[in-house]
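Trainee: I'd like to go through this structure with you and check what stands behind each term. Could you put it up for us?

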Amino acid sequence: MQTAATEMIRKLGAKPSATSLDQNWRGLTAQRWRHAPLHDSTEPMAEHVVMTYFGPPHRIEARFGTRTIRSSTRPGSITLIPAGHRAQWDIYGPLDVVHAYISVPRIEELARESGFASAELAPRVGCDDADAAHLLAVLNSHLDARNSANGLLAEHLSITICLHLLRSHGAGRGISDRLRGGLSPSQLKRVTDFLTNAMASPVTLQELADMVGLSRTYFCAAFKASTGMQPYAWLIAHRIARSKQLLTATKLSVAQVAEAVGYDDPAYFSRLFRKNVGASPARYRLDRGLSVHERL
């Protein structure tokens, strides 16, 4: 059985316009495609494929065995191709789409951790699912960036997407109420101290969960219950706070500040800083009295 990435390249006759394959993301592979109308079949794939759409809607039809599903490729909708399913497609317009490929062992592991009775997923075509579409859009927005925070973000998103698919498009039951508890003060300090010290290094959810003896699923829920944020969001907030200190208290260049807080791409750091602070790093520094001339 072919991997989803291989089958999509074969069927669409082109390479994706962006991919996570060279970013060492854990838990899933994400790829962006722009392709022409399609009237063909896809062979069974080794991973689950979930996608969402950008741009104008187009009519779409898919046949899974004897079942035909008709819909449109509108924003806010998803298509879900479970692993091992062959499908015949009629897509009546060009698509701007982002795919996520999720391994069967990955979703089976999370189903067991979270108390779902089954890891089986149902086919969906142009199905309204604003939450899943938003998560895929977040993945899409990070496909072009290169920084050490993306690995933790992608790992968190892979768990969130898997749990959402199991809850909304699966055959199993929901998550146990055990997910509602938070970390103890000592556990939270251990994790946040580690994140602070490893601010400029890649971090995985498995490392964090192992520190407090929890599965990744329970750890994410417990961390959010204790802090109000997911681990990747806490790390971004801490990095932004540290970068503000460096911008106002040192003469490091913006690129050096970006590197010091874990961002290899200064342009990406500047965009993220502006999004969170409301000003570019240079403007933030200038407004607080350390000019370019003072730094030279």
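Trainee: What makes strand 4 (residues 47–54) mostly covered?

Mentor: Seven of the eight residues in strand 4 are buried. Buried means under 20% relative accessible area, exposed over 50%, and partly exposed in between, with a 1.4 Å probe and protein chains only. Before we go on: this is a predicted model, where local features need pLDDT of at least 70, side-chain atom pairs count only at pLDDT 80 or more, and totals for chains, interfaces and linings use all residues. Residues are numbered from 1 along each chain as its sequence is written, and side-chain values use heavy atoms, with hydrogens and water left out.

Trainee: Why are strand 4 and strand 9 (residues 95–103) said to pair?

Mentor: Pairing requires that DSSP finds at least two bridges between two strands. Strand 4 and strand 9 have eight, in the antiparallel sense, so they meet the definition. Look at M51, which stands opposite H99 in strand 9. Strand 4 also has four bridges to strand 7 (residues 77–81), again antiparallel; there T52 faces I78 and V49 faces I81.

Trainee: Which strands make up the open sheet of six, and why are two of them called edges?

Mentor: The order is 1-2-9-4-7-10, with antiparallel pairing. Strand 1 (18–19) and strand 10 (124–128) each have a single partner strand, so one side of each lacks a neighbour in the sheet.

Trainee: What lies across strand 4 and strand 9?

Mentor: Helix 2 (residues 104–114) does, at about 65° to strand 9. Helix 1 (residues 4–12) lies across strand 2 (29–35), strand 4, strand 7 and strand 9, and runs at about 5° to strand 2. Contact here means heavy atoms within 4.5 Å. Axes are lines fitted to C-alpha atoms, for helices over the stretch in contact, and angles run from 0 to 180 degrees between N-to-C directions.

Trainee: What is the order of the open sheet with four strands?

Mentor: That one reads 3-8-5-6, with antiparallel pairing. Its edge strands are strand 3 (38–42) and strand 6 (67–72), each pairing on one side only. Neighbouring strands of this sheet are turned by 15° against each other on average, direction ignored. Inside the sheet, four bridges join strand 5 (residues 59–64) to strand 8 (residues 87–91), and A62 stands opposite W89.

Trainee: How do you know that the span of helix 7 (residues 216–227) is close to the expected one?

Mentor: The expected span is 1.5 Å times one less than the number of residues. For the twelve residues of helix 7 that is 16 Å, and the first and last C-alpha are 16 Å apart. Its buried residues include Y218, F219, A222 and F223. Just after helix 7, G228 takes a positive phi of about 80°.

Trainee: Why does the radius of gyration agree with a compact globule?

Mentor: The radius is taken over C-alpha atoms, and the globule rule is 2.2 Å times the number of residues to the power 0.38. For 296 residues the rule gives a value near 19 Å, and the protein chain has 21 Å, which agrees. Buried residues make up 50% of the 296.

How values were computed:
Helices (H or I, at least four residues) and strands (E, at least two) are DSSP runs, numbered from the N terminus.
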